Amino acid sequence: MNSPRLNRVLQYINQAGFATTEELSEAAGVSLQTIRRDIRILSDQNLIIKYHGGVAKLNMAATSSDALAVNDNLTDSTENLTDSTENLTDSTENLTDSTENLIGSTDNLVSSTNTQEQRGSMQKQIALEVVKHIKDGSSVFIALGTTMEAIAHELACKKDLTIFTNSLKVANIIYENTDFDVIIPGGTVQRRNAGLVDRETESFVKEISVDYCLFTCGGVEKSGYLLGFYLQEIHILKMVLERSSYSFLVIDSEKVNKSAPIRITHLSEINSLFIDKKPSEGILNIARSNNIGVYIPEILNTTL
């Protein structure tokens, strides 16, 4: 492709595995109309798989394709009507677009790409540290989130793991890169993050018992409470935590003292904290008082 923006959008989709239209619009720094046009171009060239509301790279597992395609037939007519309206709007916009706006959009995409690369590098280093503490032959539940996806990418060095997850993105990464058994629940796939959190997932979790639960959170209060945003996801996570021998919280330092509306559990209830920078003294005191391991990748800092 001759378009640098299309190349970057395709690279983002291939790295993420699955992305919503809104996520791509924000990452590329362009309007929803523009990103939809880019998605059509990539889909027409058979470079991606297009769903209503999102896209996936070509080799996403069939499970996610089937689950996300349920409403496609119903929405095709609406999309065609939307496409016609967008084409008319695009023609009008082309009359008013300026070179400065085009340069500004490109700059925004480059800036967004650089930020994502820096965050991806940090997540990779934390993921490598987490993997060091997982024993071969273990059973591991991996929760939802991009940090969990980064860990999934680094598990290939382990042997004979059994992976449980309610994330189709994680399941796809494990499936592509390892020979581990991957066990996922049935149910409805969330378009927001390709997660499974409904009643079928709850029934699935009730039947399992794992060695490790790997999870992240939306924020950590000064008091030590771990916080999240989505009630159904947190309900499933709490059930898994109760059924795991070891719980590993994996976060970046920006989550410390960040607010979120729903409590997950208290820091004192977990076994290990993996983080990119030394946390506050208050968090460290809680960790010391409860014999919680705090680990920082050597390349980022020093293990405490």
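The turns below go from the whole chain to single residues.

Q: What kind of model is this, and how are residues numbered?
A: This is a predicted model, in which local features need pLDDT of at least 70, side-chain atom pairs count only at pLDDT 80 or more, and totals for chains, interfaces and linings use all residues. Residues are numbered from 1 along each chain as its sequence is written, and side-chain values use heavy atoms, with hydrogens and water left out.

Q: How many helices and strands are there in the protein chain?
A: Both are DSSP runs, numbered from the N terminus: helices are H or I with at least four residues, strands are E with at least two. The protein chain has 11 helices and 13 strands.

Q: What share of the residues counts as buried?
A: Buried means under 20% relative accessible area, exposed over 50%, and partly exposed lies in between (1.4 Å probe, protein chains only). Of the 304 residues in the protein chain, 48% count as buried. The accessible surface, by the Shrake-Rupley method with a 1.4 Å probe, comes to about 15,500 Å². Carbon and sulfur atoms hold 48% of that surface.

Q: What share of the contacts joins residues 24 or more positions apart?
A: A contact means heavy atoms within 4.5 Å. Among contacts in the protein chain with a separation of 6 or more, 62% join residues 24 or more positions apart.

Q: What is the strand order in the open sheet of 3 strands?
A: Strands of a sheet pair through backbone hydrogen bonds, either parallel or antiparallel. Here two strands pair if DSSP finds at least two bridges between them. The order is β1-β3-β2, with antiparallel pairing. β1 (18-20) and β2 (48-51) are the edge strands, each pairing on one side only. From one strand to the next, the twist averages 20°. β2 and β3 (residues 54-57) share 4 antiparallel bridges, and Ile49 has Ala56 in β3 as its bridge partner.

Q: Which helix packs on that sheet?
A: Axes are lines fitted to C-alpha atoms, for helices over the stretch in contact; angles run from 0 to 180 degrees between N-to-C directions. Helix α3 (residues 32-44) touches β2 and β3, and its direction makes about 130° with that of β2.

Q: Why is β7 described as largely enclosed?
A: 5 of the 6 residues of β7 are buried, so the rest of the structure largely encloses this strand. β7 pairs in the parallel sense with β4 over 3 bridges, where Val140 has Tyr212 in β7 as its bridge partner. β7 also runs parallel to β10, joined by 5 bridges. There, Cys213 stands opposite Ser247 in β10.

Q: Where is the hairpin, and what sits in its turn?
A: β8 and β9 form the hairpin, with 4 residues between them. Gly224 in the turn has a positive phi of about 105°. In β11, Thr265 is the bridge partner of Leu226.

Q: Which residues does Pro297 touch?
A: Pro297 lies in the segment after β13 (293-295) and counts as buried at 3% relative accessibility. Not counting residues up to four places away in sequence, Pro297 touches Gln125, Ile126, Glu129 and Ile275. The C-alpha atoms of Pro297 and Gln125 are separated by 6.1 Å, though the two are 172 residues apart along the chain.

Q: How many disulfides are there?
A: A disulfide is a covalent bond between the sulfur atoms of two cysteines. The rule here asks for a pair of cysteine sulfur atoms within 2.5 Å. The count is 0 disulfides. Cys157 is exposed at 58% relative accessible area, whereas Cys217 is buried at 5%.
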